[in-house]
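Dear colleague,

I am handing over the structure below, and after it you will find an account of what turned up in it. Please keep it open while you read.

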Amino acid sequence: MDEPGAAVVTGAPASFEVFFEAHRHRLHGALTLMTANAQEAEELTQDAFLVVWERWDRVGAMDRPDGYLYRVAMNAFRKRWRRMHLDVRLRARAEDERDPFERAAEKDEVARALALLPRRERAALVLTELLELDSNETGELLGIKPATVRVLTHRARDRVRRAMGDEDG
Amino acid sequence: MADLRDRLDRLANRFPERGGLEGLDRRRGRRPERQRFLTAVLALLIAAAGITGAYVALRPTGEIIQPAPIHLSDVLRIECDGQSARVLTPTVRAQSDGVHLEVTNTAEFETTTSISSSLGSGGSPTVPPGATGDSVAASLPPGGADVWCGPSRTDVNEGPPEDQVEIVDPEGYWHPESLDCQGGRSIASPDLHIDRTAAGEPGPPIDIIRRRFPEVLREDDIVDHGGYPDADASQYGSTVRVVRAEHVVGRFHFVPGALVDGEPTYLQDSFGACEAFTTENLDG
């Protein structure tokens, strides 16, 4: 696929299309849990795939294009959440319309427990539990030491377990 | 806690990606629109600030309005927390060897900082965790420049700029390197990756250009160095420019090559020239 837009224009099956279909739900689901916000996850997912799409000539030839995709997505996740103005924007938007994740958290104690976790703990838990990455890989994606990943994951598991235990009685 | 993995999996599956490739394509198309919109908003803000400033300065009150002092720093100080960059000195005065740059890394890992504008780049200094890097002189031209930072070995400047700095040059150290072809055509080479252990031509670079184009250079052409006059040529190389009637019509970048008989030699790794200058024998 020489030109990223060609697949959409012609509708012809292309390797990026296959890659996109194979990973879009998984990445979006993981990012939703990490951000506790489905709309924010949608933007991050699309932005990450756009980066990959525009470089598909190079990325498609990699051994693990999905590794590149997740690195781009996690870099964007980290950068975005550092910005105070975005945080303000998100809070302002939440007053107008409720996010699907927020609605899910009303009925699901895991979602509710996740939403209450600090951001780094939530990200570490999702990467290690849901995506089954080890602490080295998780640390690389989050820009923290593997030992810190283990501490964050332990704390997060403990908090969620307690929340689930409380709910389950 | 296998149960937790299952619960997370089920929860994640409740949020499928809905846009599909069509949504991706629409977002791709919107990105330039967003950039244009932000540029337009910025232009309007600048214009509004200019008009307000002019009104305040010129209104007939009889009193003298002093402009607010702009604090000029001699060092561009940047703090990188591993996620984003913060410029601590928003307006920086260029020195004769470039813009002095000092990055403090407050992250727990090594970071890289990137500074660039449309006319040049300030390099990508890498700083160990918890340290302040050595002061370096960057070849950043006057004007605005964007700043990013992030973990080293990543593409730190992929997203929108994280902060900005304004470089000012009241002493006029900077000699513009950009071609000024007055609407005429120009040619330019890509940057070549030169083997610096190879022997080049004996210097200095200005003499190389004079030797190379004896019939093309006019008597009143000025052949001099572009960029900052005292920049460290051993690190960044040096640019020789040909100025004709106050317009830069030729630009040649040299890096140091191997010593030959103890004498320095120079290798050319890029060039650009206006058609008005010449397009013959430019790549020497």
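**Confidence in the model**

Residues are numbered from 1 along each chain as its sequence is written, and chains are lettered from A and ligands numbered from 1 in the order in which they are written.

Within chain B, the lowest confidence falls in helix 2 (residues 20-58) of chain B, with a mean of 63, and the highest in strand 1 (residues 75-80) of chain B, at 93; helices (H or I, at least four residues) and strands (E, at least two) are DSSP runs, numbered from the N terminus. Over residues 279-284 of chain B the pLDDT stays under 50, and the model has 8 contacts beyond four places in sequence for them, a contact being two residues whose C-beta atoms, placed from the backbone, lie within 7 Å. Where pLDDT is low, the predicted coordinates should not be read in detail. For the complex, the predictor gives an ipTM of 0.78 and a pTM of 0.46.

Chain A has 11 helices and 0 strands. Of its 169 residues, 40% are buried, where buried means that 20 or more other C-beta atoms lie within 10 Å of a residue's own, exposed means 12 or fewer, and partly exposed is in between, with C-beta atoms placed from the backbone. Among the contacts in chain A with a separation of 6 or more, 60% are between residues 24 or more positions apart.

In helix 8 of chain A, the buried residues are A:Val110, A:Ala111, A:Ala113 and A:Leu114. They lie on the same side of this helix because they cover an arc of only 165° around the axis, the arc being that of the directions from the helix axis to the C-beta atoms.

Between the chains, 40 residues of chain A are in contact with 31 residues of chain B. The elements that give two or more residues to this side of chain A include helix 2 (15-35), helix 8 (109-116) and helix 11 (146-168) of chain A.

**A sheet and a helix in chain B**

In chain B, 4 strands form an open sheet in the order 2-1-4-8 with mixed pairing, where two strands pair if DSSP finds at least two bridges between them. Its edge strands, each pairing on one side only, are strand 2 (85-87) and strand 8 (136-138) of chain B. Strand 1 and strand 2 of chain B run antiparallel and are joined by 3 bridges, and B:Ile78 stands opposite B:Val87 in strand 2 of chain B.

Helix 3 (residues 205-212) of chain B has B:Pro205, B:Ile208 and B:Ile209 buried. Because they cover an arc of only 95° around the axis, they are on the same side of helix 3 of chain B. The buried residues of this helix pack against several strands of chain B, among them strand 13 (222-225) and strand 15 (247-256).

Finally, B:Glu246 is in the loop between strand 14 and strand 15 of chain B, and B:Glu246 counts as exposed because it has 7 C-beta neighbours inside 10 Å.

With best wishes

Methods:
This is a predicted model: local features need pLDDT of at least 70, side-chain atom pairs count only at pLDDT 80 or more; totals for chains, interfaces and linings use all residues. pLDDT is the predictor's confidence in each residue, from 0 to 100.
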